[in-house]
Amino acid sequence: MASKNVDSQEKMSWPPRHETIFIHILHEHVKKGDLQTSTFKMKVWAEISDELYAQCGQKCTIPQLKSKFNSLRIVHRDFSDLIEHTGFGWDPVANTVTASEDVWASYLKSKPKAKQFRTQGLEHYQILGEIFNTTTATGQLHYASSQLPPNSDDERELENNFLNTGVHIDVDLDDDGDNPQLVSGKGKRKCATTAPPERRPKKWDKMESYLDVCSEVMSQKLQREKEKSLEASSTSKEMYSIEECIGIVETMGDVDNDTFNRMLEKIVLIEWRKIFVTMPAARRRAWLASL
């Protein structure tokens, strides 16, 4: 009886909202670097369980979470294989797969489970890619939460050229967590370590070139931001500076030491310096007298 209860618990249902929350929780832990091999440590799974319960009130055992995690991995891999297959296209905005009837019929003969994607693609495909494809989640193509996306025409063109080439890298781990697998355009898997450096796939070389260009663009962008920051800082120092305020007082000539010292206490704040520099000379003298 106990065995049947456990089995029924492992096959729990996942409402769409709960699945979405679970996926985003996984994504956050991947971005933290918690996914060391092909799964999480028990401590992290316990944290995921607590977070899921806090956000949607669904209490899951760690085996249940692992089972759902592996199911998502399989579905993501199946969908990746589908859209990489010759004759298929994918609209990420509408989340639909496009192909002729003949292409669908031929593919479904060998992959009947792909029928689920015929009317609608895989929801959360992009974020699942960042979870299960190590290079996407932790590599140079990942934008930090504090980093702005490309905002210049050159950067947008760079990113669009790369994304529209159809290059898809599916880095996965074998059951023992040792050998990463690469998926070629024809859907055949091979070990990344077996290919000698001089015979690397062209798509891999293309991605490497893109990363080099992307790194250069981001370096230039950061340099421009740094220059703007320095320029703004320099302008701020030149305008309404303490030195400017002292210079104005010195030109007035008849300010005693006590008044001067009280003024110094005020102009420590930029707001008082702005007021002091911009006010007319007569009001400036009256203000000093009131200190």
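## Cores, cysteines and a pocket in a predicted model

The structure holds zero disulfides, a disulfide being a pair of cysteine sulfur atoms within 2.5 Å. C56 is in no disulfide, and the nearest cysteine sulfur, that of C60, is 7.2 Å away.

Residues are numbered from 1 along each chain as its sequence is written, and side-chain values use heavy atoms, with hydrogens and water left out.

Buried means under 20%, exposed over 50%, and partly exposed in between (1.4 Å probe, protein chains only).

| Residue | Relative accessible area | Class |
|---|---|---|
| C56 | 14% | buried |
| C60 | 5% | buried |
| H18 | 14% | buried |
| T98 | 46% | partly exposed |

Helices (H or I, at least four residues) and strands (E, at least two) are DSSP runs, numbered from the N terminus. H18 lies in helix α2, residues 16-31. Contact means heavy atoms within 4.5 Å. Leaving aside neighbours within four places in sequence, H18 is in contact with L52, C56 and Q58.

L52 also belongs to the largest nonpolar core. A nonpolar core is a set of buried Ala, Val, Leu, Ile, Met, Phe, Trp, Tyr and Cys residues joined through side-chain atoms within 4.5 Å. Of the 35 residues in the largest one, F22, L26, F40, W45, I48 and L52 touch the most other members. The elements that give two or more residues to this core are α2, α3 (42-56), α4, α5 (101-110) and α6 (125-132). Its largest share, seven residues, comes from α4. A second, separate core has twelve residues, including V249, M263, M279 and W287. In soluble globular proteins, nonpolar side chains tend to be buried together.

Not counting residues up to four places away in sequence, F22 touches W14, W45, I48, L52, L65, K68, F69 and L72.

The second largest pocket has a volume of about 250 Å³. On a 1 Å grid over the protein atoms alone, a pocket is an open set of points where a 1.4 Å probe fits, with protein on both sides within 12 Å along at least five of seven lines; lining residues have an atom within 4 Å of a point. Grid points are joined across faces, edges and corners, and the volume is the space filled by probe spheres set on the points. Of the 14 lining residues, E19, V75, Q116, L122 and E123 are the closest to the centre of this pocket. The elements that give two or more residues to the lining are α2 and α4 (62-84), and α4 gives the most, with three residues. By class, the lining has six nonpolar, five polar and three charged residues. Here Ala, Val, Leu, Ile, Met, Phe, Trp, Tyr, Cys and Pro count as nonpolar, Asp, Glu, Lys and Arg as charged, and the others, Gly among them, as polar.

H124 is found in the loop between α5 and α6. Phi of H124 is near 65°, a positive value in a residue other than glycine.

T98 sits in strand β2, residues 96-98. T98 and F88 are ten residues apart in sequence, and their C-alpha atoms are 5.7 Å apart in space. Not counting residues up to four places away in sequence, T98 touches G87, F88, G89 and W90.

Key:
Predicted model: local features only at pLDDT ≥ 70, side-chain atom pairs only at ≥ 80, totals over all residues.
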